[in-house]
Amino acid sequence: MFTYDLGDGASLQILEMRHAPEFLEFVDENRAYLGEWMSWDTTMQTLEDAQNFIKRGLSRFSDDGIPWVGIWLNGRMVGGIHFSPIDPRVHSTEVGYWLGQDATGRGLMTRALKAMLHYAFDLLHVNRVGLQADVRNSRSRAVAERLGFTFEGIRRQSLEYKGQLIDIATYSLLAQEWCEQKSLP
Ligand SMILES: CC(C)(COP(=O)(O)OP(=O)(O)OC[C@H]1O[C@@H](n2cnc3c(N)ncnc32)[C@H](O)[C@@H]1OP(=O)(O)O)[C@@H](O)C(=O)NCCC(=O)NCCS
């Protein structure tokens with residue numbers, strides 16, 4: 001199964017069913033922090049919820065080969081990255097990511113996402129990775145911008161979240177841009 005060493009005690013592993021208790025524990029510890037931007041504070045409540053999430057990831061992995069991964073730091077799960085199904089007509093997917101509050105501020109997501117972009121572009125030959133963030137989620141937007149995603153614009157009031165209509169910033173990175181970035185010194 002998929003594992004990737006990021007160095008400095010950090011690694012990526014495909015989320016497997018055996019990780020469900022640890023995943024739920026991670027969400028429990030970070031419920032308020034994650035809940036500002038993700039619906040997990042209400043939707044990820046039980047072991048069954050965690051198992052269903054992981055099951056969905058494993059099913060996507062068997063469909064199109066792109067893994068939903070957890071991020072471990074010094075043996076503890078501290079975050080993860082997931083992808084939407086690859087659209088086979090245009091070889092396009094969307095990425096989402098999360099870190100526990102204690103794991104932020106050290107470049108971990110930037111490194112982890114870079115590794116997963118390598119996987120998507122170089123191994124699976126995806127042509128476009130999209131990314132969407134609440135316009136106010138400056139930390140998430142900074143991850144995208146650090147990795148060279150192009151800001152495409154704002155889809156105004158395009159998402160309902162906790163009773164409010166949210167403006168969504170959209171970004172994308174294309175395979176050609178990824179290759180150009182890699183050739184930079
Ligand atoms: C989005 C999220 C993953 C970003 O976390 P993050 O820690 O800011 O991102 P990174 O791990 O890439 O770290 C970047 C930070 O580490 C710092 N850093 C230190 N060393 C670094 C390095 N080698 N490379 C890059 N950044 C480094 C950066 O300066 C930045 O800190 P700053 O924002 O204070 O300037 C996190 O805020 C999160 O999970 N939030 C809740 C869920 C969420 O919003 N998900 C996204 C939904 S769209």
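Q: What about strand β3, how many of its five residues are buried?
A: Five of the five, residues 69-73, so β3 is largely enclosed by the rest of the structure. Buried here means under 20% relative accessible area with a 1.4 Å probe, counting protein chains only. Strands are DSSP runs of E with at least two residues, numbered from the N terminus.

Q: And which residues sit on each side of β3?
A: Val69, Ile71 and Leu73 are on one side, with Gly70 and Trp72 on the other, and all are buried.

Q: Is this model predicted or what, and how are things counted?
A: It's a predicted model, where local features need pLDDT of at least 70, side-chain atom pairs count only at pLDDT 80 or more, and totals for chains, interfaces and linings use all residues. Residues are numbered from 1 along each chain as its sequence is written, and side-chain values use heavy atoms, leaving out hydrogens and water.

Q: Back to β3, which strand pairs with it over five bridges?
A: Strand β2 (residues 10-14) does, in the antiparallel sense; two strands pair if DSSP finds at least two bridges between them. Gln13 stands opposite Gly70, and Ile14 has Val69 as its bridge partner. Strand β4 (residues 76-83) also pairs with β3 in the antiparallel sense over five bridges, with Met77 partnering Trp72.

Q: What lies between β3 and β4?
A: Two residues, making a hairpin; Asn74 in the turn has a positive phi of about 50 degrees.

Q: Zooming out, what's the strand order in the sheet?
A: The open sheet of eight strands runs β1-β2-β3-β4-β5-β6-β8-β7, with mixed pairing. At the edges, β1 (3-7) and β7 (150-161) each have a single partner strand, so one side of each lacks a neighbour in the sheet.

Notes
Buried < 20%, exposed > 50% of the residue type's maximum accessible area, 1.4 Å probe, protein only. Helix = DSSP H or I, 4+ residues; strand = E, 2+ residues; numbered from the N terminus.
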